[in-house]
Amino acid sequence: MKLTYTEINGYLIPDLILPETDTRPIGKYGELRRQFLQEHRPDLFDLMLLEGTLHSHLADVDAEARQMVEDTITRMARQQGVDEALKRADPLAWAGRMNATKNAAEEAVLPDLLYGDALE
């Protein structure tokens, strides 16, 4: 990579242009990953930011985490008998059990995916 400079008022200023960034949205899980990287892995955060790979990484993590959580919720709800019949019979019980299932699924899936150091 060859660095070029522009002279402005007698000072040489490097021409820094980041590569095109990914335009996919970064959801809840991507933002959690960003916060983790900023607080606990600032070196990796800065490197990815400078290389232009941060947004893409966060969008990938968000999509993967969202899919894994949804799959886990579906599996856990089926195992616990949280289905449409319960939803029709007792909507409040269904909502409470689904919220508990979602929380349990996030606890099971997210620690390794969001807070792990491996970049996949």
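Some ground rules first. The model is predicted, so local features need pLDDT of at least 70 and side-chain atom pairs count only at pLDDT 80 or more, while totals for chains, interfaces and linings use all residues. Residues are numbered from 1 along each chain as its sequence is written, and side-chain values use heavy atoms, with hydrogens and water left out.

Let's start with the whole chain. What does it contain? Five helices and two strands. Helices (H or I, at least four residues) and strands (E, at least two) are DSSP runs, numbered from the N terminus. Along the sequence, the pattern reads β-β-α-α-α-α-α. The radius of gyration is 21 Å, well over the 14 Å that the globule rule gives for 120 residues, so the chain is more spread out than a compact globule. That radius is taken over C-alpha atoms, and the rule is 2.2 Å times the number of residues to the power 0.38. Look at the C-alpha trace along its principal axes. It spans about 75 × 25 × 20 Å.

Now the surface. The chain has an accessible surface of about 8500 Å², and 55% of that belongs to carbon and sulfur atoms. These areas come from the Shrake-Rupley method with a 1.4 Å probe; for residues, only the protein chains shown count as cover. How much of the chain is buried? Of the 120 residues, 27% are buried. Buried means under 20% relative accessible area, exposed means over 50%, and partly exposed lies in between (1.4 Å probe, protein chains only).

One more figure for the chain. Take contacts between residues at least 6 apart in sequence: 66% of them join residues at least 24 apart. Contact means heavy atoms within 4.5 Å.

On to the hairpin. Strand S1 covers residues 5–8, and strand S2 covers residues 11–14. The two pair in the antiparallel sense over four bridges. Two strands pair if DSSP finds at least two bridges between them. Between S1 and S2 sit two residues, and asparagine 9 in this turn has a positive phi of about 55°. Which residues face each other? Threonine 6 stands opposite isoleucine 13. Glutamate 7 has leucine 12 as its bridge partner. A general point: in a regular strand, side chains alternate between the two faces of the sheet.

Beyond its neighbours within four places in sequence, threonine 4 contacts Ile13, Pro14 and Asp15. Threonine 4 and proline 14 are 10 residues apart in sequence, and their C-alpha atoms are 5.9 Å apart.

Tyrosine 5 opens the next topic. It lies in S1 and is partly exposed, at 47% relative accessible area.

Let's move to helix H3, residues 54–80, where we find threonine 72. Buried or exposed? Threonine 72 is buried, because its relative accessible area is 9%. Not counting residues up to four places away in sequence, threonine 72 touches Ala105 and Val109.

Last topic: salt bridges. How many does the structure hold? Five. The term means a side-chain nitrogen of Lys or Arg within 4 Å of a carboxyl oxygen of Asp or Glu.

One of them joins arginine 24 and aspartate 60, with the closest N and O atoms 2.6 Å apart. This pair links distant parts of the chain, 36 residues apart: arginine 24 is in the loop between S2 and helix H1 (28–40), and aspartate 60 is in H3. Arginine 24 is partly exposed at 33%, and aspartate 60 is partly exposed at 38%.

Another pairs glutamate 31 with arginine 34, closest N and O atoms 3.3 Å apart. Both are in H1, and being three residues apart, they are separated by about one helical turn.

A further one joins arginine 41 and aspartate 43, at 3.8 Å, N to O. Aspartate 43 is exposed at 51%, whereas arginine 41 is partly exposed at 23%.
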